[in-house]
Amino acid sequence: MKKFFKVIGILLLLIIGVLTFLYFKYDEALPTGKQGEEADALANKMLVALKHEAYQNTEILEWSFRGKHFYTWYKQENKVTVAWNDNKVILNTKNPNKSEVFVNGQKSEDTSLIKKAEQYFNNDSFWLVAPHKVFDPGVERRLVKHEDKDALLVTYTSGGTTPGDSYLWILNDDGFPTHYKMWTQIIPIGGLGASWSDWTETNTSIPLPTTHKLDGIGLQISMGNPKASNPKSDELANKILKAIKHDAYKTTNTLEWSFGGRRTYKWNKKEHIAEVTWDSTKVVLHPNAIEKSTIYFNGKLTNATDETIIKKAESYFNNDSFWLVAPHKLFEPGIIRTVKEVDGKEALLVKYTTGGTTPGDSYLWILDEDYIPTSYKMYVPSMKMEGVLATWEDWITTESGTLLPKMHRFGKNGELSMGEVKGY
C-alpha cells in the first residue's frame with residue numbers, strides 16, 4: 001500500500017510540475033482589442049475563407065472526438081445522434097426534453113444521459129465548427145494585434161456550456177484560421193494554443209479539421225474522419241438531371257442555338273471551343289486558352305487580337321449558354337444546393353459562389369411532376385433582381401438524346417427564343 005501511495009505521489013508531483021512549467025511558459029493575460037467594423041470585417045473574411053454559406057446550408061455533419069464520442073448532426077432538423085460506450089442519445093438541440101435515450105440498444109428513461117450528451121456535443125462540436133460561430137448571439141468580436149498581424153478575439157458572453165470563454169483566432173493572409181489561443185474556465189493556463197491546420201475538404205465543399213495539437217503538451221485531439229453532406233438537395237438535383245437526360249448531355253459533342261435572334265452559337269463542347277457570331281463579327285472562342293481565340297469580320301479571318309471583342313464574345317457565351325444548359329450545371333464546383341418549398345412542392349435553390357461572369361447569383365428552380373424545370377426565379381444582385389421569374393419551355397429531345405429548352409418567357413410579353421436548338 002505504501003508503494004502504491006508513493007507512486008501516486010510521484011505522479012501528482014509530475015503533473016504539478018508539468019502544469020507549473022506550462023503555466024510560466026504559456027500563461028498570458030487576455031488581450032484587449034477594439035470592437036466594431038474592423039473586427040466584424042476580419043470575422044467575415046474568415047467566414048468567406050471557410051465557405052460559411054455552404055456550411056449554413058449543409059444538411060448533415062459526421063465526426064468523432066478522440067475516438068470516444070461519435071456524432072451524426074442533422075443541422076437543418078436541430079437533431080444530433082450522440083453515441084459513446086453503450087449509450088446513444090438522439091438529442092433535440094432546441095428542446096432537449098424531447099430527446100430520446102438508448103442504452104445497449106434499448107430505449108431508456110435515464111434522463112441524466114441527455115445532459116451528458118448535451119455537454120459532449122457543446123464541447124466536441126466546438127472543436128469542429130468553432131470558426132463558424134463568431135456571429136452567434138452573445139458573441140463579442142475584437143480586433144487584436146498578434147505578432148504585428150490582425151487577429152480576431154471572440155468572447156462568448158452567453159450560451160454553450162461555459163459562457164465567458166474567449167478565443168484568439170490567428171489567421172493567414174487569406175483569412176483562413178491556422179491556430180487559436182484559449183482563455184477558458186476549464187483550462188487554468190490562459191492563452192494555451194491549439195492548431196487548426198489539418199483540414200479536409202468535404203462533399204459540400206466546406207473544410208473541416210481532422211486533428212488539433214495543443215501547444216506544449218503534445219496532446220492531439222482527433223476529430224476522426226469528418227464528413228459533410230446534403231443528401232436531400234443532392235437527391236432532388238439528381239432527379240432533375242435524370243429528367244433532362246443529363247447522361248446524354250455529357251456525351252453530346254456539339255450544341256447549336258441562337259439567343260433572341262441576336263447571336264448564334266456553335267459550341268464544340270467536347271473540346272470546349274465556341275463559335276460566337278453577332279452582326280458582322282465571329283469569334284472562335286477558346287475559353288480555356290483565351291489567347292488562342294480568333295476574330296472574323298464579314299467571314300474573313302483577321303490578324304486582329306482585339307481583347308475587347310474577345311472579352312465581349314466570352315461574356316456573351318457565358319450568359320447565353322446559361323439560358324440553354326443551366327439545369328445541366330447543378331453539380332459544378334462552387335455551387336450551393338438547397339431544397340425549398342414552393343406552393344407545397346419541392347424546388348431547388350442553387351447559388352453560384354465561383355465562376356461565370358457574376359458569382360453570387362442564385363436561381364430557384366420550379367419543377368413539374370416529372371422534375372423537368374418549368375421556370376426559375378432569378379436572384380442577381382448585380383442587376384438588382386430579387387426573384388424575377390422566367391419560364392423554361394418547349395423542351396426538345398436532341399439528336400444526342402439530351403433535353404434542351406427552345407423558349408423562355410418573362411414579364412407580360414417578354415420572350416427569349418433559343419432558335420433552332422441542336423445537340424449531336
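**Stop one: D124.** Select D124. This residue is buried yet has no salt bridge. The nearest side chain of opposite charge is R66, 8.4 Å away. Buried means under 20% relative accessible area, exposed over 50%, partly exposed in between (1.4 Å probe, protein chains only). A salt bridge needs a side-chain nitrogen of Lys or Arg within 4 Å of a carboxyl oxygen of Asp or Glu. For charge, Lys and Arg count as positive and Asp and Glu as negative; His and the chain ends are not counted.

A word on the model. It is predicted: local features need pLDDT of at least 70, side-chain atom pairs count only at pLDDT 80 or more, and totals for chains, interfaces and linings use all residues. Residues are numbered from 1 along each chain as its sequence is written, and side-chain values use heavy atoms, with hydrogens and water left out.

Stay on D124. It lies in helix α4, residues 112-129. Helices (H or I, at least four residues) and strands (E, at least two) are DSSP runs, numbered from the N terminus. A polar contact of 2.7 Å joins the two side chains, D124 and N123. Such a contact is a pair of N or O atoms within 3.5 Å; within protein, one must be able to donate a hydrogen and the other to accept it, and residues adjacent in sequence count only if both atoms are side-chain atoms. Leaving aside residues up to four places away in sequence, D124 also touches W63, F65, H69, Y71 and M223. Contact means heavy atoms within 4.5 Å.

**Stop two: K116.** Which helix holds K116? Helix α4 does. K116 is partly exposed, at 36% relative accessible area.

**Stop three: L208.** Move to strand β13, residues 207-213, and pick L208. Its relative accessible area is 0%, so L208 is buried. Not counting residues up to four places away in sequence, its contacts include L61, L128, W199 and P226.

**Stop four: helix α2.** Select residues 37-49. The 13 residues should span 18 Å at 1.5 Å a residue, and the end C-alpha atoms are 18 Å apart, which agrees. The expected span is 1.5 Å times one less than the number of residues. Colour A39, L42, A43, M46 and L47: these are buried. They cover an arc of only 145° around the axis, which puts them on the same side of α2. That arc is taken from the directions from the helix axis to the C-beta atoms. What covers these buried residues? The cover includes α3, β7, β8, β9 and β10. Turn to the face pointing away from the buried side to find the exposed residues E37 and V48.

**Stop five: K51.** Step just past α2. K51 takes a positive phi of about 55°. K51 also forms a salt bridge with E201, the closest N and O atoms being 3.3 Å apart. The pair links distant parts of the chain, 150 residues apart: K51 sits in the loop between α2 and α3, E201 in strand β12. K51 is partly exposed at 36%, whereas E201 is exposed at 51%.

How many does the whole structure hold? A search finds 20. Select K311 and E314, which meet at 3.5 Å, N to O. They are 3 residues apart in helix α7, so about one helical turn separates them. Last, select E77, K79 and K232, linked in a network of salt bridges.
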